[in-house]
Amino acid sequence: MSEIKTIGVLTSGGDAPGMNAAVRAVVRTGIYYGLKVMGIRKGYAGLLNGDMEEMTLRSVGDIIHRGGTILQTARSAEFNSEAGVKKAISIAKVFGLDALIVIGGDGSYRGARDLANQGFPVICIPGTIDNDIASTEYTIGFDTALNTVQDAIDKIRDTAYSHERCSVLEVMGRHAGYIALNVAISGGAEAVILPEKEFDIDRDIIKPIIEGRNRGKKHYLVIIAEGVGGAVEIAKYIEEKTDIKTRATILGHIQRGGSPTVYDRVMASRMGAYAVKLLKEGKINRVIALQKGVITDFDINEALQMKKTIDEEMVELNKILAL
Ligand code: ATP
């Protein structure tokens, strides 16, 4: 493979706080090593349209603290075909790109794998609030999303306590319950319902609430992952069955925004720099990951074969701590 001199960077899929810190790290580390860095707007859709420009040290100034992504993001149906991938590679060549750094979730990884398998070098950085990428313990934006939800829980708890109410909170995670399970523990929930586990409303929600009441509890918190849904109906059912006033809150997109936490900024900076260093060393078609607290990398095809499961010990812990 010839030496990599020009790299493209894009953000794809759902936006996540910390993506900007990763873009900044890619641009500044790239320039530090003498590379030319092109910023591609709106993910693979922008790549297909040639919507890109050269980034400078200053074009990534004043973005480290901002949520969202200055490069913007998009979902592209056109890219999801062999013809789309081939077209994207031909456009990348028009702009002189030798490799692409993709910051995004699982779907974005699959798009990058298609590029890699058609001969175009890629590196992926995990960026999604859901933390649902199998090859890594952590994804950029997850920590900020957890803290945003925790902040909402603390506010909801104040009013639930004052009125002796039950609160049902629906949090993001269409297929993954990592946000739900973590905030259940950090927020002290009586019950948590995850998309990965089948559930029975009487066994998993009503019983712990009534048992908690018998042990002297005066307010209750139930966390529902978005993939399970139905927070309003679940709240009604709890009220009917227990006579405890119950309110549902669906947090929605508030969880995607906001200034990234220190952890997300530092990890995004480290992963962005790591991605550029891999390319400098001639390593291609890798995904960046955190494993046992250490930043490492895997082959993209191997990474997409990996499976991630919910931590049963944490599920059990939540039940014990809700006593
Ligand atoms: P999030 O987890 O935050 O939703 P994501 O990266 O998983 O992020 P997607 O919408 O699934 O978000 O994917 C982003 C883009 O990646 C898609 O619009 C598409 O262009 C490409 N992509 C998604 N799935 C595939 C696939 N199976 N094969 C090839 N490309 C894909």
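Here are legends for an overview and several close-up views of this predicted model.

In this predicted model, local features need pLDDT of at least 70 and side-chain atom pairs count only at pLDDT 80 or more, while totals for chains, interfaces and linings use all residues. Residues are numbered from 1 along each chain as its sequence is written, and side-chain values use heavy atoms, with hydrogens and water left out.

**Overview. The whole protein.** Welcome to the fold: eleven helices and eleven strands, which are DSSP runs numbered from the N terminus (helices are H or I, at least four residues; strands are E, at least two). The C-alpha atoms fill a box of roughly 70 × 35 × 35 Å along the principal axes. Among contacts with a separation of 6 or more, 74% join residues 24 or more positions apart; a contact means heavy atoms within 4.5 Å.

**View 1. Ile 123 in strand 5.** Ile 123 sits in strand 5 (residues 122–126) and counts as buried because its relative accessibility is 0%. Look for Leu 100, which is 23 residues away along the chain, with 6.4 Å between the C-alpha atoms. Leaving aside neighbours within four places in sequence, the contacts of Ile 123 include Leu 100, Ile 101, Val 102, Leu 278 and Ile 288.

**View 2. Asn 131, a residue with positive phi.** Asn 131 is found in the loop between strand 5 and helix 5. Its phi is near 55°, a positive value in a residue other than glycine. Most residues other than glycine have a negative phi. Asn 131 counts as buried, at 4% relative accessibility.

**View 3. Arg 165, buried without a salt bridge.** Arg 165 lies in the loop between helix 5 (142–163) and strand 6 (166–171). Arg 165 is buried yet has no salt bridge, which would be a side-chain nitrogen of Lys or Arg within 4 Å of a carboxyl oxygen of Asp or Glu. The nearest side chain of opposite charge, Glu 239, is 7.3 Å away; Lys and Arg count as positive and Asp and Glu as negative, while His and the chain ends are not counted. Beyond four places in sequence, residues in contact with Arg 165 include Thr 159, Lys 218, Tyr 220 and Arg 247.

**View 4. Helix 6 and its surroundings.** Seven of the ten residues in helix 6 (residues 178–187) are buried, among them Tyr 178, Leu 181 and Gly 187. The buried residues pack against helix 5, strand 6, strand 7, strand 8 (220–225) and helix 11 (312–321). After the helix comes Gly 188, with a positive phi near 70°.

**View 5. Ile 193 in strand 7.** Ile 193 belongs to strand 7 (residues 191–193) and is buried, with a relative accessible area of 2%. Beyond four places in sequence, its contacts include Phe 199, Ile 223, Ala 225 and Val 228.

**View 6. Asp 243 in a loop.** Asp 243 lies in the loop between helix 8 (231–242) and strand 9 (246–250). Its phi is near 65°, a positive value in a residue other than glycine. Asp 243 is exposed, with a relative accessible area of 71%.

Key: Buried < 20%, exposed > 50% of the residue type's maximum accessible area, 1.4 Å probe, protein only.
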